[in-house]
Amino acid sequence: MSATTPDLRIRLFGRLLGMSGLTSPDTMSRRQIALSRALPIPHGPGLDLVVGGLGSGVRMEQRQVTVRDGDRIGVRVYRSSASGMLPLVVNFHGGGWVLGSLAMAESVCSRLAAALPAVVASVDYRLAPEHRFPTALHDAYDATVWAHANADEFGADASRLAVMGDSAGGNLAAGVALLARGNGPRIGAQELLYPALDLTLGSPSMAENAHAPVLTRSHMRAYRDHYLGPRGDPEDPLASPLLADDLSGLPPALIQTAQFDPLRDDGARYAARLVDAGVPVSHTCLDGTAHGFATFPGVFRRAPQAFEQLVGHLREHLEQV
């Protein structure tokens with residue numbers, strides 16, 4: 001039977017995040033936003049209990065990618081020590097298109113590279129409010145095209161490509177899959193972890209979980225407004241993939257959602273629409289869990305289960321061809 005409230009550990013964690021003043025975009029100044037982005041995430045026995053450790057035997061290298069407007073963004077590439085040509089996963093971190101960093105995604109990317117095994121390319125897309133929609137999506141797509149074109153350099157098999165993201169990164173992964181359909185690199189799977197897919201904020205869970213731990217409706221409204229700006233259209237299907245007219249022909253999807261998350265029903269509604277469009281979907285809602293379980297696996301008891309499901313889905317759809 002589903003819990004009616006998050007457990008004490010999750011409630012305390014949400015309270016600590018709120019007290020930090022560095023995860024509340026509705027009240028943060030530009031200076032606080034910049035400070036939050038720059039926070040290092042050191043690894044060690046203590047902190048790794050919260051954010052997860054690094055994948056064993058994984059090497060990392062930093063690259064710069066020129067995107068369509070001539071600017072350059074960073075891509076951090078993680079490669080397992082396994083031999084042979086490996087699947088390629090392009091990841092987009094969360095943070096509401098405003099916060100977040102490569103450091104936030106380091107644990108999940110390196111652990112995934114080791115567990116699958118795979119090459120994982122983590123994209124440092126440009127953030128709002130300095131860079132509004134569709135800059136982040138264009139960066140995400142251009143980095144995916146780059147990773148696909150240069151897969152050989154990293155010992156990756158370009159024919160076994162997936163996109164992945166959590167929260168705002170899940171929004172970008174879904175948008176990249178839409179942009180690539182029929183025109184770009186063939187994507188074999190899309191892994192959407194508690195994704196934001198309807199920027200009209202119209203899902204029922206937006207009201208039901210308005211004051212949930214970690215992410216609130218007020219946070220989502222602020223993130224959305226930073227990202228779209230005063231002229232952005234929340235009904236644009238590339239900002240809100242859930243509102244796209246046609247979802248047929250998209251890659252198989254894994255959609256993971258959390259019970260106590262304003263975004264829960266974004267994922268559920270998208271899963272239903274994909275099924276209606278004939279797209280294979282695996283959708284899991286983690287009972288008793290809140291937003292952020294991929295980034296903070298030590299806080300959420302069901303995070304290991306979610307990670308194993310992610311690995312299994314990628315193995316299933318990125319088999320050697």
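## Cavities, pockets and a bent helix

Tyrosine 194 is buried, at a relative accessible area of 1%; buried here means under 20% relative accessible area, exposed means over 50%, and partly exposed is what falls in between, with a 1.4 Å probe and protein chains only. Before going further, a word on the source: this is a predicted model, where local features need pLDDT of at least 70, side-chain atom pairs count only at pLDDT 80 or more, and totals for chains, interfaces and linings use all residues. Residues are numbered from 1 along each chain as its sequence is written, and side-chain values use heavy atoms, with hydrogens and water left out.

### Aromatic pairs

Back to tyrosine 194, which pairs with phenylalanine 293 in one of the six aromatic pairs that turn up in a search of the whole structure. Rings of Phe, Tyr and Trp (its six-membered ring) pair if their centres lie within 6.5 Å; planes under 30 degrees apart are stacked, over 60 edge-to-face, and the rest tilted. The Tyr194–Phe293 pair is edge-to-face, 4.8 Å centre to centre with 75 degrees between the planes. Tyrosine 194 sits in the loop between β6 (189–193) and α7 (204–208), and phenylalanine 293 in the loop between β8 (281–290) and α10 (303–317), so the pair ties together parts that are 99 residues apart in sequence. (Helices are DSSP runs of H or I with at least four residues, strands are runs of E with at least two, and both are numbered from the N terminus.) Phenylalanine 293 is buried as well, with a relative accessible area of 2%. Elsewhere, Phe13, Phe296 and Phe300 are linked into a cluster by ring pairs.

### Helix α4

Now for α4, which covers residues 102–115. Its 14 residues should span 20 Å at 1.5 Å a residue, and the end C-alpha atoms are 19 Å apart, which agrees; the expected span is 1.5 Å times one less than the number of residues. Still, α4 has a kink of about 30 degrees centred on valine 108, where the bend is the angle between axes fitted to the seven residues ending there and the seven starting there. Ten of the 14 residues of α4 are buried, so the helix is mostly covered. Among them are Leu102, Ala105, Val108 and Leu112.

### Empty space

What about holes? Rolling a probe the size of a water molecule over the atoms shows where empty space is left. On a 1 Å grid over the protein atoms alone, a cavity is a set of points where a 1.4 Å probe fits but cannot get out, while a pocket is an open set with protein on both sides within 12 Å along at least five of seven lines; lining residues have an atom within 4 Å of a point. Grid points are joined across faces, edges and corners, and a volume is the space filled by probe spheres set on the points.

The structure holds two cavities of 30 Å³ or more. The table sorts linings by class: Ala, Val, Leu, Ile, Met, Phe, Trp, Tyr, Cys and Pro are nonpolar, Asp, Glu, Lys and Arg are charged, and the others, Gly among them, are polar.

| Space | Volume | Lining by class |
|---|---|---|
| Largest cavity | about 80 Å³ | six nonpolar, four polar, one charged |
| Second largest cavity | about 40 Å³ | three nonpolar, no polar, three charged |
| Largest pocket | about 750 Å³ | 19 nonpolar, 13 polar, two charged |
| Second largest pocket | about 250 Å³ | nine nonpolar, six polar, four charged |

Arg59, Met60, Glu61, Val77, Arg79 and Phe154 surround the second largest cavity as its lining. β1 (59–66) and β2 (72–79) are the elements that give two or more residues to that lining, and β1 has the largest share, three residues.

The largest pocket is lined by 34 residues, with Leu17, Thr23, Met104, Thr295 and Phe296 nearest its centre. Elements giving two or more residues to this lining are α1 (8–20), α2 (30–38), α3 (48–51) and α8 (217–228).
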